[in-house]
Amino acid sequence: MKLFAAFDPASAFGLLAVAIVGNVACALLGCYLVLRRLSMLGDALTHGVLPGIALGVLFTGSLSGWGIMLGAVVFGFLTAFLTQTVSAQAGVAEDSSIGIVFTTLFSVGVILLTLLPDMHIDTGCVFFGSLELVTLSTESWLGVFTTMVSSLLATVAFIVVFWKELKVASFDSALAEAMGYRPQLMHYLLMGLVSLVSVTSFATVGSIVVVAMLIVPAACAYLLTDRLAVMLWLAAGVGALSAVLGYFLVPTHGNVPGMMAVMAGALLLLAVLFAPRHGVVAKVVRNVRLALRIAMEDILADLYRREESRQDRKSDPATGRWINRLALARLRNSGSITAAEVGAWRLTDRGRNQARSLIRAHRLWEAYLEKNLDLPPDHLHDPAMRMEHFIGPALQEELAAELHEPGTDPHGRQIPKG
Amino acid sequence: MMNFLDTLGIPYNTRIVLTGACLLGASAGVIGAFAVLRRRALTGDALAHASLPGVCVAFLVVGDRNFVSLLIGAFLAGLVGIGVIAVLSRWTRLKEDASIGIVLGTFFGCGTVLLSIIQRLKGGSPAGLDGFILGKAASMNFADVRLISLLALGTLLLMTALYKEFKLTTFDPGFARAQGWPDFLLDLTLLIAIALTVVIGLPAVGVVMMAALLIIPAVTARFWTERLGILLLLAAVVGMGMGAAGTLLSDRPFSLPTGPAIVLVGAACFAISACAAPRRGMLARYLAQRRFSSEMEQRLLRLILFKLSQRSSTIDAEEARIDGNWSVPHFRWLLRQAQKEGTLHHDGKDIRLTAQGEQETARADRDNRLWEAFLLAHPDLARGYAACFATQSPEDALPPEVLKSLVERRPSSSREAAT
Amino acid sequence: MSSEPILDIHDVTVAYHRRPVLWDIDLTLTEPSLVGIVGPNGAGKSTLIKAILGLVPLASGHIRILGSPLERQRQRIGYVPQRESVDWDFPVNVLDVVLMGTYGRLGWFRRPKAKDRAWARECLDRIGLAGLEKHQIGQLSGGQQQRTFLARALAQQADIYFMDEPFAGVDAATEQAIIFLLQELQRQGKTVVVVHHDLRTVPLYFQQVLLLNIRKVAFGPTEAVFTEDNLRKTYGGRLTILETAGQAVRTREPTP
C-alpha cells in the first residue's frame, strides 16, 4: 500500500493533482461520447493521434508544448474525417471503418516514432503511460500540470459555451440541422477536444487507460441519473474519485494509471448493481415487489371466487412457490385473511373489499374484451388475469361507463359494484 | 517452399517469420470476414485488449513463461471480456459501443497493474510479457510457427465443416434459429475461433495490429466480390499478402517494425480497393453518380424542350433555363453537350431542335408518360422499378404485356394530368 | 395573404444510390391549411419532408418556402421527426425537450431565459402534459412522448410545420389532443404538413392531401383528390382498406 509509504507532498499530491485534472477533463468529454454512441470513435482517436504526436516531436524537438498539441488535434480531425469518409463514401460498416482507420494511423505513428530513437517515447510508453515520470522534476511537473489544466479549462469552456447546441445536436441531430445549427461542426469540435485531452493524458496515463477514463466514468454517471447536467457533474466526480482511489490503493510500485482504470471499473460495477433506477438490484427489487403484489392479489381473488361458489378453501395456497408463501404471510399480517384452522383461509371484511375491486377489474376487462375484440369466451380469462392487477378504480369507472355498467361478465357471473 | 525461398537468398529466420505471418494473416482474414459481416469488427480489438490480465494471471499462477499456459490465460480473459460486453449491453441501458470501450479500458488497465507487479516480483524486465501487447514478430520461432500452422489448419477445417451453417447464421440469424440451427452455439464457435486467432496472433503482431489483421482483409475483399466463398478466399489471400509483404518490409533494407509494416501493407491494399474497385469502389461510385446526374439533367432538358417546342419551333433559351432552374454557365454546358450529340442548334438566344432532337425529345416525353402511367396502374410494383425510372425507357425495362396494357390506355400528357 | 406561395416544390428528384425515391415532384401550396401526405410504404413521404428541410440532398429541382430558399426561412419552420429517430434514454427531462423548440429562435450561444421556460410550460399545458415537465423522457408513454414532440414544435412558433407520422403508435386521447392542436394552429393561419398513415381519418383531419407514390399521384383539396380512383393509383387495387377509406370519403365520418 502506498498510503503511508510515499507521503512526500511534493510528489504525491503533485501526481494526484495531474491525474485528477486529466480524469475530469476526460470524463466530461466522455459523457458526450457515450450519449452520442461514439465511444469507439473516442478509442480510435486516442490511437489515431499518434502520428501527430510523433510529427510534433519531430518538428519541435520537445515532448511537451504546442507541437504535439497541434499535431494531435490535426490527426484527431483526420481520424474522425477518414472514419466518416470510409463509411459514407466507400460503404464500409462504421465499426470496420473505425478499425481500419485507427490501426493504420497508429502504425504510421509507430513507424514515425522509430525515426526518433533519441526521444524517450516508445510504443510501450504510449500504451502504458508513466504517471510516475511526471514527478521526476518539478519543472516537468509544472509543465504537465499547466497543460492539463488548460485542456480541462478548454473542455469546460466548450461545454458551457455550446451547452445548448451540443444538447440539441446530441439528442436530435435532424432537428439541430433543420434549425440551422451545424451538428457536423459540433462533432468535429468535440473530436478535436478529445484529441487534445488524450494527448495531454498520453504522457501520464497512456493511450488505453485514456479510453477507460473517457468512457467508464461517463457510463457510470449515465446509469445514475436522468439529467444531462447532473450526469456531467457525476462523471467528473467518478473520474476524480477513481484517480484518488487508484492512487492510494495501488500495490507498491504498481502501475497507477492502470489502477485508476480498475477503480473506475469497480465504481461502474457498483453503479450497475446499485443505481437507484437503472441498477440491477433496483430492477430485481421492483420485479419481486410486483410479483409479490400479483401473488397477494391472486390469493385474494381466488378466495373471493371460492366464497362466491360456496367452496371452502381446502388446498393451502402457500404450498406453491416461496413467493406465494410470502404473499400469504403478508396478507395475514395485514389482516386481509384469517385462518380458523390450518390451511382453511377466509377473507376478512377488509380482504373482501380488496378482492371485490380486483374481481370487478377482472370481469369488467372480460366484458370489455368481448365487446371490442370479439374473442371467444374461453380466451377472455387469461388476459384478464394479467390485466386485473393494473386496472385501478379510475380505469374501472371508465370501463364501466363505456360498457354502461354491465351487471354480469361474459361468463354470466356477477360484476361486483365498485 | 523453404528451398525455393532459400534460393532467393532469404535467411532461415526470415523464412520462419514469413511463414508464420502468412499463415496468421490467412487465418485472421478468414475468421475476421465473419466478424466483420456479423458487425463485430471491434470485438477482436476488445478481446485483444481484454486478454492482457489473463496473460499476467497465468504467468503469476504457473510462474514461468510457459507459452501454452499464457495463451490459455489470454483466451479465458478474452472470453470473459466478451461476456462482460454482452452483459453490459443487454442488461443495462449502456449501448454496445460504450460496453466495448469499458471492457477494453478497464481490462487493459487491470493488465497493466498486474504487469507492474510481475515486473517487481521478477525484477526489472516485464519477462517478455509486454510482447503480448506490442508484438515481436521478429522473434517468432519454430514452435510459434507450428502453433500458427495448427491454427490455420483448424480454421480451414472449421470453415470446410461449418461453411453452410456460418453462412446462414451470418446472413439471417433469425431465419437460422427458426430452422432449428443452434444459432447461439454457432455464434459461440465463431467467437471462440476469433479468440483463438487473436491470442495466437498477439505475441506476433500485438494488440492494435491484431485488430487490423482481422478487419482489413475482409473489408478489402468485400470490394471485389459479392460471393461469400470468394470473399473468404480473397480475405485469406489479402491476409497472407499483408503478412508476407509486411515481413519483407521489416527486413533490410527497410527495417520497419513488423506489426506496423503489416498493417500499412493492408491499409494500402484497402485504399487501392476502396478507390479503384470496379463496382463498390469510391471512384466507380463517384462516376456512376456523375453519370446519373448528367442523365437526369439531359432527361429534364429534353422534357422541357419538348414542352416548349410544342408551342413554337424556336425555343427561347432563357425560358428553358428558368424552367429547369439552372445557372447560366451550367445551362450553357448542358446545351453544348446536347449540341455535340446533334439534338439541337443554339445561337445564344434561341434553340432549334434538329430532326433527331425532335425525335429524342418526343421519345423522352413518351417515356415519361409511360412511366407515369405505369406507376398509376401498378403502384405496388413501383419500388421494384425505381432504379430504372430516371435512366431507362419503359420499353426496355418493363415486361411486354405490361407495356402493351399501358400503351392501350393512351395516357395523357403527364404534367397536366397531375394537376 | 402575400402572393408568395407558402411552399413551392419544383421538379424535385431525390435519389439514394442512384435509385429515385422521389421523382419529379412538383407542387405549389398557396393557402394555409392542414396538408396530409399519404402513400404506401417506401413512397418517399418522409424523404419529401427531409428534402424540404434540407436534410437530404436533391438530385435535381429546387424548393422555396414562403418565397425564399430554406436557409433564410429556417426560423419560420417547425419540424417533428419520427418518434423513433431519437434516443429516449437521453438524460433530459420533458421541459428540456420542449425548450429545444426555442433554440432556433435564440440562435447561437444565447440561452433560454425564464420567459422561454414559461413559454415552454405553456406549450406543455396546451398539449395536455402539464405536470410532467420534470419527468425523464424515457418514463413517458408513447403517446406522451409524441405529445412532447408536438409541444416542442409548438414552442418553435413557426409559420409552417412539417410532421413525420405524429399519429404513429399513439393512443386515441393523444390523437385527439394532437388533431385539436393542429386545428388550432390552422385557425391561427399556419400551415401544417403531416405524413399520415391512417387513410380512414384523412378526410376528417386534412383540407388538402398529397397522394404520393415516388411520383405525385394527386394533390389538392381532400374532397376533390381523395377518391377511390386516386387511392387505387397510389396503393394498387389489392388493399381492402381502400374500400373503408373510400366509404369514409363518402360519408365524411370515421369508420369505427
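**Contacts and a helix crossing in a predicted model**

Guide: In this predicted model, 19 residues of chain A are in contact with 19 residues of chain C. Residues are numbered from 1 along each chain as its sequence is written, and chains are lettered from A in the order in which they are written. Local features need pLDDT of at least 70 and side-chain atom pairs count only at pLDDT 80 or more, whereas totals for chains, interfaces and linings use all residues.

Visitor: What makes two residues count as in contact?

Guide: Their C-beta atoms, placed from the backbone, lie within 7 Å. By that criterion, 54 residues of chain A are in contact with 48 residues of chain B, and helix 5 of chain A gives the most to that side of chain A, with 12 residues.

Visitor: Why is helix 9 of chain B called oblique to helix 10 of chain B?

Guide: The axes of helix 9 (residues 183-205) and helix 10 (residues 207-222) of chain B come within 8 Å and cross at roughly 125 degrees. Angles under 35 degrees count as roughly parallel, over 145 as roughly antiparallel, 65 to 115 as roughly perpendicular and the rest as oblique, and therefore helix 9 of chain B is oblique to helix 10 of chain B.

Visitor: Which residues of helix 9 and helix 10 of chain B make the contact?

Guide: Helix 9 of chain B contributes B:Val198, B:Gly201, B:Leu202 and B:Val205, and helix 10 of chain B contributes B:Val207, B:Met209, B:Met210 and B:Leu213. They divide into 7 nonpolar, 1 polar and no charged.

How values were computed
Helix = DSSP H or I, 4+ residues; strand = E, 2+ residues; numbered from the N terminus. Axes fitted to C-alpha atoms, helices over the stretch in contact; angles between N-to-C directions. Nonpolar A, V, L, I, M, F, W, Y, C, P; charged D, E, K, R; others polar.
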